[in-house]
Structures are given as C-alpha cells and as structure tokens.
Amino acid sequence: MPVIQTPTTGIHYEDRGTGPVLLLVHGHPFDHTMWQPQIDRFSRTHRVIAPDLRGYGRTPLGTPRDTTGAGGRPRATGLGDFAEDLVDLLDALDVRDCVLAGLSMGGQIAMEFRRRHPGRLRGLVLADTFPAAETEEGRAARNAMADRFLAGGADAVREYADEVLDRMVAPYNTHAAPHVHRMMCATDPAGAAAALRGRAERPDYRQTLTTVPFPALVVVGRDDTYTPVADAEEMHALLPHSTLAVVERAAHLPNLERPEEFDAALASYLRSLVRPI
C-alpha cells in the first residue's frame, strides 16, 4: 500500500481506478478492506481511494494533531482528527472534491468532514450510522471499552470481536463473518481506544445534515441493531435531497453481507448526481 506522510502519522491507503473520486471511509474496528467489494466494483468507473484510518490497519496512531492542554488525560482521536487526516490525504493526492461514503464511525467522520469542509464534497453516502450526539450512558460505555482495550490488549480486542460478531454480521451471513472477525482481531488496541474516547465526545450532526445541498444516499441493513432503520429514516428526513436504501437480510455491514444489493444502491445514486459520473 502507498503511504502519505503527514506531520502526525503516515496514512496508508488504496488508490485504484480513474475518473471522479469516490472516497471510502471504514468503520470501527475495521480497516480499508472492509470496502473490498466496492473497491473492486467501482474502480472500474471511478478513482476509488480507501484509507486505513489513524490507529487502524497499517496506519499508526501516530502523535496527536493537537496537544494543547493534553496533560495527563487518556489519548483520544476525535472525529475532527480523522476528518483532517482525510483532507491531508486528498490534498497530497491533488483531489479537489469527492463523493464521500462512510459506514458506522466512518459515517460520523463523513458528517464531521461535511461540517468542516463543505466545499470539498459533491456527494455523501451515510451507511449504518447515526447523527445524534452521544448520550451519558453511551459516553460511559465507550470510555469503559477503551479502558478494557488498553488493559487487556490484543486479547481484549479478540474477546470483543467474539462478543459482537453476530451483531456486526447477521448470523445467517456466514460468508462475510471470517473477514470481519479477522479485521476486528487485527485492530490496534490503543488506536481503537483512542477512537472510542473521541466518539464519546462527538457533537450532534442533525443540523449539519439539513444544510447538505446536493443529493445524498442513506443505506442501512434491515437487521442492523447498532444503527436500526429508524436512525436511517431520521437522517433521510433531515437531508433535503436524499434516497433511502434498506438492504434486506443484512445487519451492520450490508456492503459485505449483501454486496450486490449495496453496490446497486450506490451505483444508482452515483448516476443520479447532477454532474455526470
């Protein structure tokens, strides 16, 4: 994989195909290969860029982007840190704008990217994610999981992967489970912990969604219990111009569980954009 060196980390990424840019942002605790079916499919018609986020896959956690007032607090990677890493990557690759697709945490990174850099996007795909700020209960749970990862290391990450696999991938989608489990088990505990702490402090993106001027796509697996269909319907209602696609017989990772159905929805959306793709 090529790597872009920034002042704080080295971003590893896949860059395939030519044409308008489709930037794919993975979720937690995965890496860019979460998007493998879409990289293979859409690189025939697009330039597909799929990075390993900071602290995931081959991209090291690196040093904090902002050390102001860090003191002795536990390390956190905020959604803004991830968004700025994506800007650094696009700038290094001389990409002015793109269609940005994010799943789960990747979707929240995409919303933060839109909030910070609205002029860099001409399309937005939000898959199996939600826009609300974290609750007090959720904040406590994310910080507790971060503590668990740091205390238990790789063993704790593997235990977590065993516990949640049937929610990430519906039990009837056995073809996708091994890849998902491998990605989770390979995750750096420190990187995952930092991201969990950052997500615990995320803002509310619902107002941001109401300002998106171009068509957007919202996708969700019918059987997703992390981000149920109701969350997708809320985003669909907030976005001024959006399409909602519910993928049947899929849970939290419909792009891997039902790639043909997911890709059909994504391809239809890309064709619908004002500027030809």
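Modeller: Two strands pair if DSSP finds at least two bridges between them. Strands (E, at least two residues) and helices (H or I, at least four) are DSSP runs, numbered from the N terminus. This is a predicted model, in which local features need pLDDT of at least 70, side-chain atom pairs count only at pLDDT 80 or more, and totals for chains, interfaces and linings use all residues. Residues are numbered from 1 along each chain as its sequence is written, and side-chain values use heavy atoms, with hydrogens and water left out.

Biologist: What makes strand E2 and strand E4 a pair?

Modeller: Strand E2 (residues 10-16) and strand E4 (residues 47-51) are joined by four bridges in the antiparallel sense. Because the criterion is at least two bridges, they count as paired.

Biologist: Which strands are called edge strands?

Modeller: The open sheet has eight strands in the order E1-E2-E4-E3-E5-E6-E7-E8, with mixed pairing. Strand E1 (3-5) and strand E8 (242-247) each pair on one side only, and these are the edge strands. From one strand to the next, the twist averages 20°, where axes are lines fitted to C-alpha atoms, for helices over the stretch in contact, and angles run from 0 to 180 degrees between N-to-C directions.

Biologist: How do you know that E7 pairs with E6 and with E8?

Modeller: E6 and E7 are parallel and share four bridges, with Ala-216 of E7 as the bridge partner of Leu-124. E7 and E8 also run parallel, joined by six bridges, and Val-220 stands opposite Val-246 in E8.

Biologist: Why is the unit of E7, helix H8 and E8 called right-handed?

Modeller: The term applies because, with the strands pointing away from the viewer, the path from the first strand over the helix to the second runs clockwise. E7, helix H8 (residues 229-238) and E8 form such a right-handed β-α-β unit.

Biologist: What makes strand E7 "mostly covered"?

Modeller: Six of the six residues of strand E7 (residues 216-221) are buried; buried means under 20% relative accessible area, exposed over 50%, and partly exposed in between (1.4 Å probe, protein chains only). In a regular strand the side chains alternate between the two faces of the sheet. On one side of E7 the buried residues are Ala-216, Val-218 and Val-220, and on the other Leu-217, Val-219 and Gly-221.

Biologist: Asp-128 and Arg-249 both have a positive phi although neither is a glycine. Is each buried, partly exposed or exposed?

Modeller: Asp-128, with phi of about 45°, lies in the loop between strand E6 (121-127) and helix H4 (136-168). Its relative accessibility is 1%, so Asp-128 counts as buried. Arg-249 has phi of about 55° and belongs to the loop between E8 and helix H9 (254-257). The relative accessible area of Arg-249 is 44%, therefore it is partly exposed.

Biologist: Which peptide bond is cis?

Modeller: The bond joining His-28 and Pro-29 is cis, with omega of about -5°. Pro-29 sits in the loop between strand E3 (21-25) and helix H1 (36-42).

Biologist: Which residues have the most contacts inside the largest nonpolar core?

Modeller: A nonpolar core is a set of buried Ala, Val, Leu, Ile, Met, Phe, Trp, Tyr and Cys residues joined through side-chain atoms within 4.5 Å. The largest has 88 residues, and Phe-149, Met-168, Val-180, Leu-253 and Leu-266 have the most contacts inside it. H4 supplies the largest share of this core, 10 residues.
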